[in-house]
Amino acid sequence: MAEEWDVRQLTADGFEHVYVELDWYDGLSAGLVDIIGVAHYFQRHDVDFSVAPENYFVWPADAASVALEREQWAIFVDWNNRFEQGTASGAQHPGIGGVHARYDELTALLSAQRHAPADAKLLRAEWRLDDGARYRADGLDVWVRWHEPTGQTGT
């Protein structure tokens with residue numbers, strides 16, 4: 001995901017903006033994105049990462065969960081901006097737990113929605129980066145286009 005793309009071209013090519021990152025491990029592992037304009041969670045399918053590293057489970061996210069996810073994301077982005085400016089430390093990261101009460105409350109409220117249900121769809125992700133800031137209030141610099149999975153079948 002090193003090359004940066006123009007947002008207009010990304011949109012024209014069918015890519016959709018990732019607006020919450022929930023986990024990163026050797027790439028974006030989980031988050032929240034629109035799929036054809038409808039909010040969905042996504043989570044890397046990790047049965048055998050070496051076989052199909054770009055396969056993800058996706059499932060719809062309800063409006064209430066999306067609002068709470070975006071609220072929590074805003075808390076993280078605020079911390080990250082302060083961290084990059086040198087006015088916050090890593091020890092103040094809201095995801096540590098016990099640092100930011102509302103962040104912790106949101107984590108508890110959202111934990112059930114963040115796990116792929118049995119009927120989650122398996123899709124393959126194609127990633128692109130735009131030329132904006134890595135973390136921002138409206139999401140990340142990451143865009144995704146979904147395809148039928150490769151390397152594995154079913155859910």
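Ground rules, quickly. This is a predicted model: local features need pLDDT of at least 70, side-chain atom pairs count only at pLDDT 80 or more, and totals for chains, interfaces and linings use all residues. Residues are numbered from 1 along each chain as its sequence is written, and side-chain values use heavy atoms, with hydrogens and water left out.

Salt bridges to begin. Side chains of opposite charge can pair when their charged atoms come close. The cut-off here: a side-chain nitrogen of Lys or Arg within 4 Å of a carboxyl oxygen of Asp or Glu. That rule gives 10 salt bridges.

Take Glu-21 and Arg-134. Their closest N and O atoms are 2.9 Å apart. This pair links distant parts of the chain, 113 residues apart. Glu-21 sits in strand 2 (residues 16–24). Arg-134 sits in the loop between strand 6 (121–130) and strand 7 (135–136). Strands are DSSP E runs of at least two residues; helices are H or I runs of at least four; both are numbered from the N terminus.

Arg-134 has another partner, Asp-141, with closest N and O atoms 3.0 Å apart. So what do we call Glu-21, Arg-134 and Asp-141 together? A network of salt bridges.

Now accessibility. Buried means under 20% relative accessible area, exposed over 50%, partly exposed in between, using a 1.4 Å probe and protein chains only. Glu-21 is buried at 16%. Asp-141 is buried at 8%. Arg-134 is partly exposed at 25%.

Another bridge joins Arg-136 and Asp-138, 3.1 Å from N to O. Arg-136 is buried at 17%. Asp-138 is partly exposed at 41%.

On to the backbone. Ile-36 has a positive phi, near 50 degrees, and is not a glycine. Where is Ile-36? In the loop between strand 3 (28–35) and strand 4 (38–44). Ile-36 is exposed, at 77% relative accessibility.

Last, the helices. Helix 2 (residues 63–85) packs with helix 3 (residues 101–110) at about 145 degrees, axes 10 Å apart. Axes are lines fitted to C-alpha atoms over the stretch in contact, and angles run from 0 to 180 degrees between N-to-C directions.

Who meets whom? Contact means heavy atoms within 4.5 Å. Helix 2 brings residues including Leu-68, Ile-75 and Phe-76. Helix 3 brings residues including Tyr-103, Leu-106 and Leu-110. The contact residues divide into seven nonpolar, three polar and three charged. Nonpolar covers Ala, Val, Leu, Ile, Met, Phe, Trp, Tyr, Cys and Pro; charged covers Asp, Glu, Lys and Arg; the others, Gly among them, are polar.
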